[in-house]
Structure formats: structure tokens, C-alpha cells
Amino acid sequence: MLMKSRAVQLARLAGQTSRTSAILRSSLAARRANQFHTSQHLLAVETVKVPQMAESITEGTLKSWTKKVGDYVEADEEVATIETDKIDVSVNAPKAGKIVELLFGEEDTVTVGSDLFKLEPGEGGASKAAEAPKEESAPKPKEEEPKPEPKAETAKPEPPKETKAAPAPEPKKEEKKPAPAPASAPPAAGAKPPAGSRGETRVKMNRMRQRIAERLKESQNAAASLTTFNEIDMTELMALRASNKDDILKKTGIKLGFMSAFAKASCLALQEIKAANASIEKDEIVYRDYVDLSVAVATPKGLVTPVVRNCEGMEMLQIEQEIANLGKKARDGKLTLEDMAGGTFTISNGGVFGSLYGTPIINLPQSAVLGMHAIKEKPYVVNGKIEIRPIMVVALTYDHRLLDGREAVTFLVRVKEYIEQPGKMLLTLPQ
């Protein structure tokens, strides 16, 4: 009997020991799992930095956040826009996830490489779907609550409305008494309003406008600028365009304008007057056998000059297409730094805004800029007779440090000759 009781006691003790060890093992495993999930969650949050924008750009202005804390974003989805003195840079999410924290406010200055926002990677689709039913279920109780009580209450207050109706006429009498007060309004409308508003609005200059202001003033201070003018009879070029534009548009989708003709004429003239395509670097003059043509384009943020590379080797239709593509990118705010870098000669067309003539400013380090203007019908002497012709005034502003008057005038005369006799220029029409 003693042996049996001892055996039973030993068995019970062994069972209790095994159960205790099992509990300890399970609790330890739970702790380890909990620590793993916690550390995994902490490691999941990533910090996204301000990206590299260009070699010459080290900072920008955080113009806007397109997402807020708690929003889910897909990979490569735009989160913020940074404004620089040249272009606007979009900051995209490196991967899908939830925005945890925004580290800068709008209009703050951010530097390349600084922490911008924190992102918790993960798919947001399931959580969004879970949030949607919650929003749908929320309005249902709101509709049920007003049904029983408000109806009963609206029936009861009917008699008090009648009692309140009696005092209603009294305030009306009081309202009629101040009515004569408007007669004193004329003194308030004294002699000041007719003078007009004298309000002022102050708006901070964006970085691009600041940079434009700096470069234009730099050009005025550095270059010995001088402008020469000439008149161009546009009759032949307008006839050429009118007879071919529909056919070209139908076959190629290219809208033939006047910019391509002036670009081609300029490239041919630059081959003769090489100083107009040169620049000064310290105590040296750099002459180029290629033409990277800068085309001035007006955008809501300011004037930009995207570049048509190796324009000297293009035909008119190729130039027209490239100018159209760059113009569209500029208006859409999608120009890159590569699109605007460099440039050896500039053409600016103020005629699209109705300018009769003006003096364009040189885009340093270039040595000259050609200004186109509006086409106006005016009396013009042709073979000793006065005729009404479409005339454009063109202007060439040049750096007198590089170009003498003879060279500048010769350049503009060559452009005039090519435009008035477009047959001299190679024109490739679609077959």
C-alpha cells in the first residue's frame, strides 16, 4: 500500500512539473513572438529623404504635400512637390505604404539628403476596404435617431408658435425705426471711395522668378549689350506655309509655324557669323561648330528656355516638332534640367503676344539673342512701287565684347534674306 501511494504521489508530482514547464515554454514563446513582431513593426517604418535634384541644386522650397498623415500611397505615387530655381521636382513614395509623419511644412526650405517624411510599408487596400463599411454603417444610426423623437416634438410646439407670433410684430416695428438710419449712410460714402481702392497684396517670389531676376540683372551688368533692327517681308514664307500646312498636318501631325523657319535661317547665318554662336570663358573665346538653340517659352511661373540640340543638322519639320514637344513640356511643368542646360543661341518670339518690336536680353553666357515680333500689314516699297505687305520687325541683341556692328548687322541681313526667299533653305516635305 505504501509503495502504491508513493507511486501515485510521484506520478502527480511529475504531471504538475510537466504542466508547469509546458506553461513556462508557451509563455516564453509568446514573449519572443511578441518581441519579434514589435521589432519587425519598428523596423518597418522608413524615412524618405529629399532626393538629388541636380549637381547645381542643393536646396528647394517644399511647395505642397499631395498626401497627409494616415494616407496610403502606391509605389512611385507623388507625395510632395519641391520648387527649385529651375524646375519643380516631384518626390514619390519608394514603395506602397502608409504616411506616418511629415517632417516639414509647406513653404519650408529643404536641403538635399535631409529627412522629408516617414513611411510604413504595406498594402493599404485591405485597410481602405475595412474603413469603407465603417463609414457606411455610421450614417445608419443617424437616420434612425431623428425618426421617432423629432416628429413628436414638432407636433407639440405648434401652439407655442402661435403665442410667439404675437410678439413678432413688435420687433418689426423696432426694425422700421432704424430704417431712417440709412439716410446717414451718405457721410460714410464720402469722397474716399471714388478715389479707388488703395489695397496692397504682397506675394513671395517663387524660386524660379528670383533666379530669372538674378540672371537678367547679371546679363545687363556683364554684357556690353547693343540691339540692331531690321524689317522682313513675310509674303513668301506665309505663302509657303499656307500652301503646305494642311498637307503636313494631315500626314505628320506637325503644325507648321514660323519658328522653325527662323530657327533654320539662324542656324545657316550662324555658320557664317560664328561669333554670334560663341561665348566668353575667362580670357578665352569659345567657338562652336554646333548650334544648341534655346527657345524662349512663357509659363505661369516665368520664362524658360528649353534647348533644341544640334539644331544645325535638322530640317524645318524636325525643328518644328522638337519646339512643339519642348513647349508642351514647359507648359505642363515637365521640363527636366537636361532640357534647359546649355544653349548657344536664343530665339524669343514676343509676336505671339502682339509685340511690335522690342530689345531682348542676352541669355548669358551666350553672345546674342534674336527677337521675333508681330506681323503687321504696312506700306512697303517693292521694285519702286508702294505695296501693302505683311512685315515683321526683328531685333538682334548682341554682346559687343564679342561681335562688332558689322557682324551683327550681317547676321540679321542673312536671316532676312533666308526668310524672304525661303527657297534658299532646305525644306523637306513629307512624301
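I count a contact as heavy atoms within 4.5 Å.

**Entry: helices 10 and 11.** I am working with a predicted model. I listed the residues where the two helices touch: M259, S260, A261, A263 and K264 on helix 10, against M316, I319, E320 and I323 on helix 11. Sorted by class, this contact of helix 10 with helix 11 holds six nonpolar, one polar and two charged residues.

I then looked up the geometry. The axes of helix 10 (residues 259–272) and helix 11 (residues 316–331) come within 8 Å of each other and cross at roughly 120°. I log helix 10 as oblique to helix 11 because of that angle. The crossing of helix 10 over helix 11 is right-handed.

Entry: I traced an open sheet of four strands, ordered 5-4-2-7, and the pairing is antiparallel. Strand 5 (88–92) and strand 7 (109–111) are its edges, each pairing on one side only.

I followed one pair in detail. Strand 4 (residues 78–83) is joined to strand 5 by five bridges in the antiparallel sense. I82 sits opposite V89 of strand 5.

**Entry: confidence.** I checked pLDDT along the chain. The mean is 80, and 71% of the residues reach 70 or more. Residues 36–43 stay under 50, and the model gives them one contact beyond four places in sequence. Residues 126–185 are also below 50, and I find three contacts for that stretch beyond near neighbours in sequence.

Definitions and conventions:
Residues numbered from 1 in each chain as written. Predicted model: local features only at pLDDT ≥ 70, side-chain atom pairs only at ≥ 80, totals over all residues. Heavy atoms only, no water. Axes fitted to C-alpha atoms, helices over the stretch in contact; angles between N-to-C directions. Parallel < 35°, antiparallel > 145°, perpendicular 65-115°, else oblique. Left-handed = near helix turned anticlockwise from the far one by under 90°. Nonpolar A, V, L, I, M, F, W, Y, C, P; charged D, E, K, R; others polar. pLDDT = per-residue confidence, 0-100. Pairing = 2+ DSSP bridges.
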